[in-house]
Amino acid sequence: MGAAGDAAERSSTMHADVQQLAARLSKAVAERTAIEPLTDEVPDLDLETGYAVQRVLRDQAGPLAGWKLGVTSRAKQAQVGVSAPVCGFLPASAALDLGEPLSVSSLIQPRAEPEIVFVLGRDLSGPHCTAVDVLSATSGLAVGIEVLDSRFRDYRFTMADVVADNTSAARYLVGAPVPPAGIDVRLVGVVLEKNGELVATASGAASLGHPAAAVAWLVRRLAASGEGLRAGEVVLSGGLTAATPVAPGDVVTVSIDRLGTIEMAVAM
């Protein structure tokens, strides 16, 4: 067949595998059934292939509202053996409105975590983006709650698995944005409560030392594939505490200094 033919065959096989892996994840969502990690069957699955699977899911997800970051804690990166965050996409259809309860009837194993949300005031792209660039392009900051829902049983996965699974994204709630001027997001205090009980506290610096640095990493990552952030998009800059499991009847509250407080009720 020759070298060119071998390369073409490998490319075709990989394309088929990516489509097949994306279909497995979509089926898990549709059937609300956890599956085993993709790497149990494909042990050589790497991050770039994981992103290729995620891209298939993104193409099927409808209008895009923004992006999200994961593994932004330096301690977590050391724990799982990576040196950079990972990223996923936010479909517009996954957004919750203020006051709208989270329905878990279509979810598998939901968990909630607090986020600092960036609202882009202008387009932002390029391989050399910095935190300063992010701050200058940001029109608003908001308190957010991300609802995670890994499609893998018991949240057992490798980094390639979780990237393929769109970094466990499920739903998200964003509060009213406030002007960023004068707010040092490294230093804002974060409080996560469930049913009136304190679950965890943190500061903005829990996300890569500075949440804007996490967003700048995202911009550089997108630049590698010729993409960028667009005005009006939101970016969840990374979970600031461990995620807490939620079930019908729970009420999750997140408060962040200078940004406000939002509450999310959980229903069937």
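How many helices and strands does the secondary structure of the chain come to? The chain has 7 helices and 13 strands, where helices (H or I, at least four residues) and strands (E, at least two) are DSSP runs numbered from the N terminus.

**View 1. The whole chain of the predicted model.** The radius of gyration, taken over C-alpha atoms, is 18 Å, close to the 18 Å that the globule rule gives for 268 residues, so the chain is as compact as a globular protein of that length. The globule rule is 2.2 Å times the number of residues to the power 0.38. Of the 268 residues, 47% count as buried, that is, under 20% relative accessible area with a 1.4 Å probe, protein chains only.

**View 2. The loop that holds aspartate 250.** Aspartate 250 lies between β11 (244-245) and β12 (251-256). The side chain of aspartate 250 reaches the backbone nitrogen of alanine 247 at 2.8 Å.

**View 3. The surroundings of aspartate 250.** Contact means heavy atoms within 4.5 Å. Leaving aside residues up to four places away in sequence, aspartate 250 touches Lys194, Asn195, Pro245, Met264, Ala265 and Val266. Aspartate 250 is buried yet has no salt bridge, a term for a side-chain nitrogen of Lys or Arg within 4 Å of a carboxyl oxygen of Asp or Glu. The nearest side chain of opposite charge, lysine 194, is 4.2 Å away.

**Notes.** Residues are numbered from 1 along each chain as its sequence is written, and side-chain values use heavy atoms, with hydrogens and water left out. In this predicted model, local features need pLDDT of at least 70 and side-chain atom pairs count only at pLDDT 80 or more, while totals for chains, interfaces and linings use all residues.

Key
Buried means under 20% relative accessible area, exposed over 50%, partly exposed in between (1.4 Å probe, protein chains only). Lys and Arg count as positive and Asp and Glu as negative; His and the chain ends are not counted. A polar contact is a pair of N or O atoms within 3.5 Å; within protein, one must be able to donate a hydrogen and the other to accept it, and residues adjacent in sequence count only if both atoms are side-chain atoms.
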